[in-house]
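Q: I would like a close look at one part of this structure. Please keep to that part and what surrounds it.

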Amino acid sequence: MEELQLAAFQIISEVGTAKSYIMEALGFAREKKLEEAKETLKKAEEHLKEGHKGHFDLVQKEARGEKLEFSILFMHAEDQLLTTATLKDVVTEMINMYTMIHEK
């Protein structure tokens with residue numbers, strides 16, 4: 001398997017796990033399990049960091065002049081990375097709102 005394909009699959013795997021944790025965290029918040037929500041969101045952040053690391057490694061290679069072939073698979077990995085990062089930001093705010101609501 002080519003390096004770019006392997007990197008794309010690793011990014012997709014990490015951010016897929018992050019996305020699952022993000023949605024699980026939102027469910028915990030809805031059920032008033034706020035500590036579980038925050039801990040689960042931390043797990044998501046670790047996987048999201050790994051996805052970003054894989055992406056950044058490839059960006060660095062290209063910046064050093066290494067040619068990377070265009071790949072629909074890598075484009076999909078980037079799409080998953082960016083949408084999951086956005087989802088994490090939105091769910092973080094939703095958990096903050098649930099915290100305020102449940103504390104009243």
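What do the buried residues of H2 pack against?

A: They pack against H1 and H3. This is a predicted model, in which local features need pLDDT of at least 70, side-chain atom pairs count only at pLDDT 80 or more, and totals for chains, interfaces and linings use all residues. Residues are numbered from 1 along each chain as its sequence is written, and side-chain values use heavy atoms, with hydrogens and water left out.

Start with the helix itself. H2 covers residues 34–63. Helices here are DSSP runs of H or I with at least four residues, numbered from the N terminus.

Next, the buried set. Buried means under 20% relative accessible area and exposed means over 50%, with partly exposed in between (1.4 Å probe, protein chains only). In H2 the buried residues are Leu-34, Ala-37, Thr-40, Leu-41, Ala-44, Leu-48, Gly-51, His-55, Leu-58 and Lys-61. An α-helix has 3.6 residues a turn, so residues three or four places apart point the same way.

Contact means heavy atoms within 4.5 Å. Not counting residues up to four places away in sequence, His-55 touches Ile-11, Phe-74, Glu-78 and Leu-81. Ile-11 is buried in H1. Phe-74 and Leu-81 are buried in H3. Leaving aside its own neighbours within four places, Ile-11 is in contact with Gly-51, Gly-54, His-55, Phe-74, Ala-77 and Leu-81.

The partners return the packing. H2 and H3 (72–103) are among what covers the buried residues of H1. H1 and H2 are among what covers those of H3.

Now the core. A nonpolar core is a set of buried Ala, Val, Leu, Ile, Met, Phe, Trp, Tyr and Cys residues joined through side-chain atoms within 4.5 Å. The largest has 23 residues; Ile-11, Leu-48, Phe-74 and Ile-95 touch the most other members. H1, H2 and H3 each supply at least two residues. H1 gives the most, with 11.

On a 1 Å grid over the protein atoms alone, a pocket is an open set of points where a 1.4 Å probe fits, with protein on both sides within 12 Å along at least five of seven lines; lining residues have an atom within 4 Å of a point. The largest pocket holds about 190 Å³ of space. That volume is the space filled by probe spheres set on the points, which are joined across faces, edges and corners. H1 and H2 are the elements that give two or more residues to its lining. H2 gives the largest share, seven residues. The lining includes Gly-51, Gly-54 and Leu-58. It divides into three nonpolar, three polar and six charged residues. Ala, Val, Leu, Ile, Met, Phe, Trp, Tyr, Cys and Pro count as nonpolar, Asp, Glu, Lys and Arg as charged, and the others, Gly among them, as polar.

Last, the ends of H2. Lys-32 sits in the loop between H1 and H2. Its phi is near 70°, a positive value in a residue other than glycine. At 60% relative accessibility, Lys-32 counts as exposed. Just after H2, Gly-65 takes a positive phi of about 100°.
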